[in-house]
Amino acid sequence: MLACGTTEANTFVLSAETRMILEDFMTEVTFKKDSIVCWEGELNDKLFYVKQGGVKLSKLTKKGSPLMMFLYFKGDLFGEFDVGEAFPSSYSIETMEDSILGVISKSKLEELMKQDGVFALEIMRWQALMRKQSETKLRDLLLFGKQGALASTLLRLIAMHGKQVGEDYVISKRPSDSELGQLIGAPRETVNRMFSQWKKDKVISSTTTKIIVHDANYLRDLCHCEGCPVGVCRI
């Protein structure tokens, strides 16, 4: 398995005591699949914790198509901890399946941080992890073209869901070409063309349910992989 990446929730940087404190002050809210939790541009003074299910954070491009920025699953904490109590959300938040989210206000979080230095330090550590995830996502989208962005996305999928079989890596949770396009800001046809070329070059092969990566180093070279720290190499 590639050294970078983890299947752990992003709260792995928090102690059991800190996670317990957070959960004690959360309000539990249930959402149906495809529910909008928050719209991009809407004032938001909350952080969210996935107790069950999964959500996607996306932005609309100038053409009106969604750019999927982050996916969060059970055990993940997410949200923008801004300088103000309420700040326009940078993303739309939508559930991918029936989900239960824990909701905590930023004002309550700040109050807890003032009262407990260890708690505050761990929240800052979580913030640093989230910032690093954002930085690497922007690097993927801006610096190395669509091929680099797609290569990095496949490496992230390997880190999260891949299994090594001999010298190959098998991604059993295969996103559709449209979903991959949303992750890199490209139409489905562009993803299809890149996949076709990589199949000819024997970099990958695929079925309706799997992607098999035969040459991970080729993908690493395309996206100038930096060997992200644990917890950063994820979708």
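Mentor: Let us begin with a pair in this predicted model. The side chains of Lys 108 and Glu 111 form a salt bridge, with 3.4 Å from N to O.

Trainee: Where do Glu 111 and Lys 108 lie, and how many residues apart are they?

Mentor: Both belong to helix α2 (residues 106–115), and they are three residues apart, so about one helical turn separates them. Glu 111 is partly exposed at 38% relative accessibility, and Lys 108 is also partly exposed, at 24%.

Trainee: Which residue forms a salt bridge with Glu 40?

Mentor: The partner of Glu 40 is Lys 59, and their closest N and O atoms are 3.2 Å apart. Glu 40 is in the loop between β2 (36–38) and β3 (43–44), whereas Lys 59 is in strand β5 (residues 54–60), so this pair ties together parts that are 19 residues apart in sequence. Glu 40 has a relative accessible area of 30% and is partly exposed; Lys 59, at 29%, is partly exposed as well.

Trainee: Are Arg 139 and Asp 140 buried or exposed?

Mentor: Arg 139 and Asp 140 are both buried, a term that requires under 20% relative accessible area. Their side chains meet in a salt bridge of 3.3 Å, N to O.

Trainee: Which residues are linked with Arg 139 and Asp 140 in a network of salt bridges?

Mentor: The network also includes Arg 156 and Glu 226.

Trainee: How many salt bridges does the count come to?

Mentor: The count comes to 11 salt bridges, where a side-chain nitrogen of Lys or Arg must be within 4 Å of a carboxyl oxygen of Asp or Glu.

Key: Residues numbered from 1 in each chain as written. Predicted model: local features only at pLDDT ≥ 70, side-chain atom pairs only at ≥ 80, totals over all residues. Heavy atoms only, no water. Helix = DSSP H or I, 4+ residues; strand = E, 2+ residues; numbered from the N terminus. Buried < 20%, exposed > 50% of the residue type's maximum accessible area, 1.4 Å probe, protein only.
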